[in-house]
2 protein chains.
Amino acid sequence: MTSPIDPDKLDKLGQVAIKVGLQLAEGQDLIITAPMTAAPLVRRITEHAYKAGAGLVTTIYSDEEATLARYKYANDQSFDRSAGWLYAGMAEAFRNNAARLAISGDNPMMLAGQDPEKVSRAMRANSAAYRPALELITGFDINWNIVSYPTPAWAKLVFPDDSEEIAVGKLADAIFKASRVDNDDPIGAWKAHNANLKARWTWLNGKRFSALKYTGPGTDLTIGLADGHRWKGGASEAKNGVTCNPNIPTEEVFTTPHRMRAEGHVSGTKPLSHNGSLIEGMYARFEGGRLVEFKASKNQDLFNKVLDTDEGARHLGEVALVPHSSPISASGILFYNTLYDENASCHIAMGQCYADCFEGGKELTPEQIQAQGGNKSLIHIDWMIGSDKIDIDGVNADGSTEPVMRGGEWAMAV
Amino acid sequence: MTSPIDPDKLDKLGQVAIKVGLQLAEGQDLIITAPMTAAPLVRRITEHAYKAGAGLVTTIYSDEEATLARYKYANDQSFDRSAGWLYAGMAEAFRNNAARLAISGDNPMMLAGQDPEKVSRAMRANSAAYRPALELITGFDINWNIVSYPTPAWAKLVFPDDSEEIAVGKLADAIFKASRVDNDDPIGAWKAHNANLKARWTWLNGKRFSALKYTGPGTDLTIGLADGHRWKGGASEAKNGVTCNPNIPTEEVFTTPHRMRAEGHVSGTKPLSHNGSLIEGMYARFEGGRLVEFKASKNQDLFNKVLDTDEGARHLGEVALVPHSSPISASGILFYNTLYDENASCHIAMGQCYADCFEGGKELTPEQIQAQGGNKSLIHIDWMIGSDKIDIDGVNADGSTEPVMRGGEWAMAV
Ligand SMILES: [Zn+2]
Ligand SMILES: [Zn+2]
Ligand SMILES: [Zn+2]
Ligand SMILES: [Zn+2]
């Protein structure tokens, strides 16, 4: 059987990950994490990394079968353990300027059917151990990138009625299209896309709105923006001086909300895939920035448990704008993968904020970020609230408003 | 195609690795390193680890294609880099009592044809970075084990005239036989084998020989033994209180020579596979413990370069006795893998000694070990000097001798 994945486009994806996603610097080490089933993309990325002058490329693979063996056979104490030694090592590497590339493609339903209590404990232990490394990533100490690979398990979930071969081919094509490698000049395509996103966030930064007001079916929510917030999107300059495109694909323009200033209620517009479970029909009510009521038509308890992770889990850490006509939204595919699904829709995130979404954010201490309204949590979970029926207004400091989106599309002239 | 590897014996190998090799303790974390092509064995080992009550099992996979991409595409500076962050993390895990399991099975010829200068630089950088973790392993701070998996590239090297499927099946059978899992009670078989090895080293420890004298074709060598040396073989008690079988298979009884007391010359009896090259027809002459002359009919320069790694590389770190009739020797197979080939023959090792081959070795400082004649180096390279034509005498402090081996077989009555 020949692979249903176009080898030329796969190679271009590897090139885009290194040249656009990371803009890997000469002599820079690279740490990759990936599911074992994504090895073909890891190899293309590794080649492009060395061609670009990488120091050493090290890949840490995960294996779904090994993960499931733990749930099947391990005794109780195992589920509070984590590979702290590995994450501490990664943090050390980042402090020495190693770049970070994650390949997403794990079976989104891998943990479906496992004891949710054990899943939640294992996730919590892992998050706590990963935190020091994650802070160096989200704080943009180094250039980083996430890119996807169409693994068979993921493809069969997205296209359940197709054979594995057809499903992998379809998911590969969707990934290549969304990642802008289905053309002769992917690097040029990303330059144009970054310029368009920059025009949007430049306009938003000029406005300095105090809040955003969302109205639509089941939604009447005002989200205050953090003091000194900064809108971003597309390329980002890391503290090490490298401009990277952390997410491939990306369609969003986003910033940090004020963790104490969300009021009203909001309804989810797409299912949220979380650790192998789909949460559907989401509804949340906020008071003083805190999520005080959560309902869902499916897996309500599971999400409520997530919200109990820590105090910050009930406050907002991100607000992101995505036009309803964006390519991923237009594909009509539910990817069961945040990297894709969040880029199909306006979304908000519970939990940790991005330090870099503040003016001068790279220099701010965690205490300063908190004082300006930034949120802190072990989690960062995006959920989709956009649709073609959502209007969004920017609220000025004097209470006056002006249109940001109408019917899910950009309303500003740039 | 069904796998040519017997799944029942593979599972038993996984069980032996955990129950005999590591004797993994309840709640103990485990770090596995393995080539990606050995994933089927990693999965069996992971299952048995969790069944035995493991904390968290973490596998670090290597990928031959990624390694080769470095040699093909990386620029010069890459070859002095190493994943120090990963090894530092491992050392930290060992200090927190994680056990260590290495799966050997890499293509022994992987680096054949690469620039030897780059290979040597990369190996040196890697050894230096790995050293702190390796010292915790060789010092038996924790229980550890090496076991093998018949990867296709390795199998085709050992059985070049067979198809890949046949070759993998043959190598699998040889591994299963040598690892004593080709029977109904592998754990019982290992108990009996450990008892036999223990009888040999108990006799040798009782004798307290000052030196061993080797005579045979092309060999007339006297190797002084370190002060307070201790013979070992089979099972070992680690400092964490766990008794492990570090090598599976193992046939050797071994101890630490005195690094300043080897005199005479010795001829290799089997080819040595080193980083993808075969060194053949080895001859070495020692004066005052130092290797002062080295010749080989093939790859002499390569081994001379290895001997230049550091001063300790020219001194002995191990002396090991293996009967010529041992199962691996009897198989007649050249495995191109030290774990197997060293167990086919009496051997010596250039470089680092094992601290545990001293009385009270677990408590000795590096300085004390050196004062007693122990050697220190970044390398530890075993080479084979045994055959059915080798006689070995134990030399007492008063110069009298008594037979240890005759015609390559044990000569003591135990
Ligand atoms: Zn987002
Ligand atoms: Zn987000
Ligand atoms: Zn040995
Ligand atoms: Zn050895």
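1. Chain A of this predicted model exposes about 15300 Å², of which carbon and sulfur atoms supply 50%; accessible areas come from the Shrake-Rupley method with a 1.4 Å probe, and for residues only the protein chains shown count as cover. Buried residues, meaning those under 20% relative accessible area, make up 58% of the 414 residues in chain A.

2. For 414 residues a compact globule would have a radius of gyration near 22 Å, and the 20 Å of chain A agrees with this; the radius is taken over C-alpha atoms, and the globule rule is 2.2 Å times the number of residues to the power 0.38. Along its principal axes, the C-alpha trace of chain A spans about 60 × 50 × 45 Å.

3. In chain B, strand β13 (residues 283–287) has a covered face with Ala284(B) and Phe286(B), while Tyr283(B), Arg285(B) and Glu287(B) form the uncovered one; strands are DSSP runs of E with at least two residues, numbered from the N terminus.

4. Strand β13(B) runs antiparallel to β10(B), residues 257–267, and is joined to it by 4 bridges, whereas 5 bridges join β13(B) to the antiparallel β14(B), residues 290–295; two strands pair if DSSP finds at least two bridges between them. Ala284(B) is the bridge partner of Val266(B) and also stands opposite Phe294(B) in β14(B).

5. On conventions, residues are numbered from 1 along each chain as its sequence is written, and chains are lettered from A and ligands numbered from 1 in the order in which they are written. Local features need pLDDT of at least 70, side-chain atom pairs count only at pLDDT 80 or more, and totals for chains, interfaces and linings use all residues, while side-chain values use heavy atoms, with hydrogens and water left out.

Note on methods
Buried means under 20% relative accessible area, exposed over 50%, partly exposed in between (1.4 Å probe, protein chains only).
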